[in-house]
Amino acid sequence: MARAAVPPGPHVALVQVARFSRNPLRFLESMRRRYGDVFSVPYPMFGRPVYMADPAGVQTMLAGDPAVFHAGEANAGPLGPVMGARSVFLVDGEDHMRKRKLLLPPFHGRRLRQYGQTIAELAAREVRGWPRGERFALRPRMQALTLDVIVRIVFGVTDPERLALYRQRVPRLGEVADPVMWIPVARRDLGRFSPWARFVRARDAVDELIYDEIERTRRDPRLEERDDILAVLLQARHDDGSAMSREELRDQLMTVIAAGHETTATGLCWLFERVLRHAEVEERLRAELAAGDDAYLEATATETLRVRPVVTDIARRVKRDVEVAGWTLPAGTFAIPSIALIHTREDLYPEPHAFRPERFLDTKPGTYTWIPFGGGARRCIGAAFAMLELKTIARTILDRTRLRAPDPRPESPRARNVTIVPSRGAEVVMEASSPG
């Protein structure tokens, strides 16, 4: 019989926030060791979310009735100020399914495959500007590159002056968003230099670019010939024949920027942070890519996202009392399927903290045991695009450079907005390069 009680966990909220920020993966592992596969942690904004590291419980949450497990409502608290109320990330029920139906086609099938060459060209251009023999962090380079990919493929922007505006304004929004996302009381205008005022100015500056891009694209006489995602979305229609409004387009495009830019950049940083500290993996990866075989690259990307997930968990808001993994979760509870803890279960992944891409060569990742993109009806729309981008950029870098980690010590995970990033920005030294 399910136990009608809050699962065990620590008590002092601010202490847990500090511990999570310093090293999220280590903190979550310590909670599991102390309390088991189901535990609760107090956070100032969310009450006592219940973390789930039990595979059956995770599947219940991800594959369960979306009317019971609300993803949009759970995401809206931190992400609403950035993405907007109409974002596919922040709505539930029929509204979510309608928006998902419109957004899914550009990220799959023929359209997805044709993006690969553009991504490779942008990656090659980025690598040409890297310093040789100097220590530098990959993270800002990967952020710039993945933003270029978004701006080119999603918006169809090629003009250098407009590209420069995106490179200036989007990172600024990321810099000022953190306190507004996680501290609701910061969402008050207390003067020009208050966190909210700085955030609104940065958001408005990005919105100006997005709305201008929408109007430029809408007026383009060659709209039907264009292959960028904005052009596709402008021509998409709801079941009743209506087009997306200007405001809805803005929210979906901002969602793509926010969810698809920083996350892929972080995944790339972790891939090289791990590969460069495992010589046998790098040697095999280079050899198989040289032979024209991408299987080991696919396995390396999959293993990277297992052992260093870009986000640690997925959120659901429970809408009625529901039984999960032997516990009755009360209505209103934030239920958290833990990506990080599922990915490090020893019964699923022997030697779970070892970086071993070969574990995925003959075994496909499980639907509910490898969940960096979530699962069920809310699985990330851009998952296939993200994996294509990650593999294409990694292949291009490996083909054109020889990198090494300047410090053999691994970089620790650190919380940054909603992502988990390498503590030193994935530092590398480029020892050799080729125009290749």
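**View 1. The hairpin of β10 and β11 has two residues between its strands, and N417 there takes a positive phi near 55 degrees.** In this predicted model, local features need pLDDT of at least 70, side-chain atom pairs count only at pLDDT 80 or more, and totals for chains, interfaces and linings use all residues. Residues are numbered from 1 along each chain as its sequence is written, and side-chain values use heavy atoms, with hydrogens and water left out. Strand β10 (residues 413-416) runs antiparallel to strand β11 (residues 419-422), joined by four bridges. Look for A415, whose bridge partner in β11 is I420. Strands here are DSSP runs of E with at least two residues, helices are runs of H or I with at least four residues, and both are numbered from the N terminus. Two strands pair if DSSP finds at least two bridges between them.

**View 2. Three strands make an open, antiparallel sheet in the order β4-β12-β9.** β4 (135-137) and β9 (401-404) are the edges; each has a single partner strand, so one side of each is left without a neighbour in the sheet. On average, neighbouring strands of this sheet are turned by 45 degrees against each other, direction ignored. Three bridges hold β4 in antiparallel pairing with strand β12 (residues 427-433), and R135 has V429 as its bridge partner in β12. Helix α17 lies across β9 and β12, at about 95 degrees to β9. Axes are lines fitted to C-alpha atoms, for helices over the stretch in contact, and angles between N-to-C directions run from 0 to 180 degrees. Contact means heavy atoms within 4.5 Å.

**View 3. The second largest pocket holds about 330 Å³ of space.** Its lining has 22 residues, with E298, T302, W370, R379 and M387 nearest the centre. Helix α17 (383-400) turns up again here: both α17 and α15 (295-307) supply at least two lining residues, and the largest share, five residues, comes from α17. By class, the lining has 14 nonpolar, three polar and five charged residues. (Nonpolar covers Ala, Val, Leu, Ile, Met, Phe, Trp, Tyr, Cys and Pro; charged covers Asp, Glu, Lys and Arg; the others, Gly among them, are polar.) A pocket is an open set of points on a 1 Å grid over the protein atoms alone, where a 1.4 Å probe fits, with protein on both sides within 12 Å along at least five of seven lines; lining residues have an atom within 4 Å of a point. Grid points are joined across faces, edges and corners, and the volume is the space filled by probe spheres set on the points.

View 4. β3 pairs in the antiparallel sense with strand β5 (residues 316-318) over two bridges; in β5, V318 is the bridge partner of F69.

**View 5. Helix α7 (residues 116-128) and helix α8 (residues 138-154) have axes that come within 10 Å and cross at roughly 145 degrees.** On the α7 side, the meeting residues are T118, I119, L122, A123, R125 and E126, facing R141, L145, D148, V149, R152 and I153 in α8. This contact of α7 with α8 has six nonpolar, one polar and five charged residues.
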